[in-house]
Amino acid sequence: MLENLFHAKWVLARIRANRIGEDLERYAAYLIGRGYTTRTARGYLNAAEHFGRWLGRRPLSRAMAERFMRCHLPICRCPSPAVRRLKTIKAAINRLLEMKGVASATFELPGGFVGDLLRRYEEHMITVRGLVATTAHKRLVYMRTMLTDLRVRRAGQLLAWTPERIEQYLCGKALHRPPGTAQDIACAARSVKGGVKL
Ligand SMILES: [Zn+2]
């Protein structure tokens with residue numbers, strides 16, 4: 001499918017050699033299958049390629065996408081082709097994450113301590129625990145809900161959690177959620193407390 005968008009052999013070789021080359025190959029088919037014009041699909045492909053080049057060994061996640069847009073783009077000096085138009089980059093990355101089943105475009109991490117903790121938690125789940133992006137994202141959503149519900153604002157509050165407090169929270173949630181949710185939350189809570197340095 002990549003051949004439908006790019007014809008030059010050296011361009012195809014460069015894209016395939018990208019850290020997320022296999023994803024980019026699928027991405028081309030994904031965009032074409034959704035009726036994007038060749039011009040738009042090419043632009044998105046180049047934008048995703050730029051993101052993949054910057055990613056290197058980092059995990060492909062929404063947190064990384066945010067970091068790329070917020071921290072890298074303003075100071076980007078990457079050689080051409082490096083799409084820098086934020087609107088294109090945002091749309092391209094959203095479609096890419098959507099294809100990977102990573103996250104909905106509306107999911108945003110809060111600022112401050114909680115956002116920072118969740119970002120590190122997502123990275124930890126993917127790089128240390130080796131979870132697939134969709135599972136990591138599901139747990140991230142639960143944790144964000146839990147931290148918001150329990151009004152956690154500072155590290156000290158998190159350390160003060162007792163098993164009873166978590167249990168109480170889980171019982172309340174389990175009544176309104178599908179089976180397995182409580183287990184997912186408990187697992188996420190354990191790894192936040194145990195795996196991520198506060
Ligand atoms: Zn760059």
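Helices (H or I, at least four residues) and strands (E, at least two) are DSSP runs, numbered from the N terminus. By this rule the protein has eleven helices and zero strands, and Cys78 lies in the loop between H5 and H6. The model is predicted: local features need pLDDT of at least 70, side-chain atom pairs count only at pLDDT 80 or more, and totals for chains, interfaces and linings use all residues. Residues are numbered from 1 along each chain as its sequence is written.

**Cys78**
- Cys78 is partly exposed because 13 other C-beta atoms lie within 10 Å; a residue is buried with 20 or more such atoms, exposed with 12 or fewer, and partly exposed in between, C-beta atoms being placed from the backbone.
- Leaving aside neighbours within four places in sequence, Cys78 is in contact with His50 and Arg53, where contact means C-beta atoms, placed from the backbone, within 7 Å.
- His50 and Cys78 are 28 residues apart in sequence, and their C-alpha atoms are 8.2 Å apart in space.

- Beyond its neighbours within four places in sequence, Leu45 is in contact with Leu5, Leu24, Tyr27 and Ala28.

**Whole protein**
- Of the 198 residues of the protein, 26% count as buried.
- Among contacts with a separation of 6 or more, 63% join residues 24 or more positions apart.

Key. Contact = placed C-beta atoms within 7 Å.
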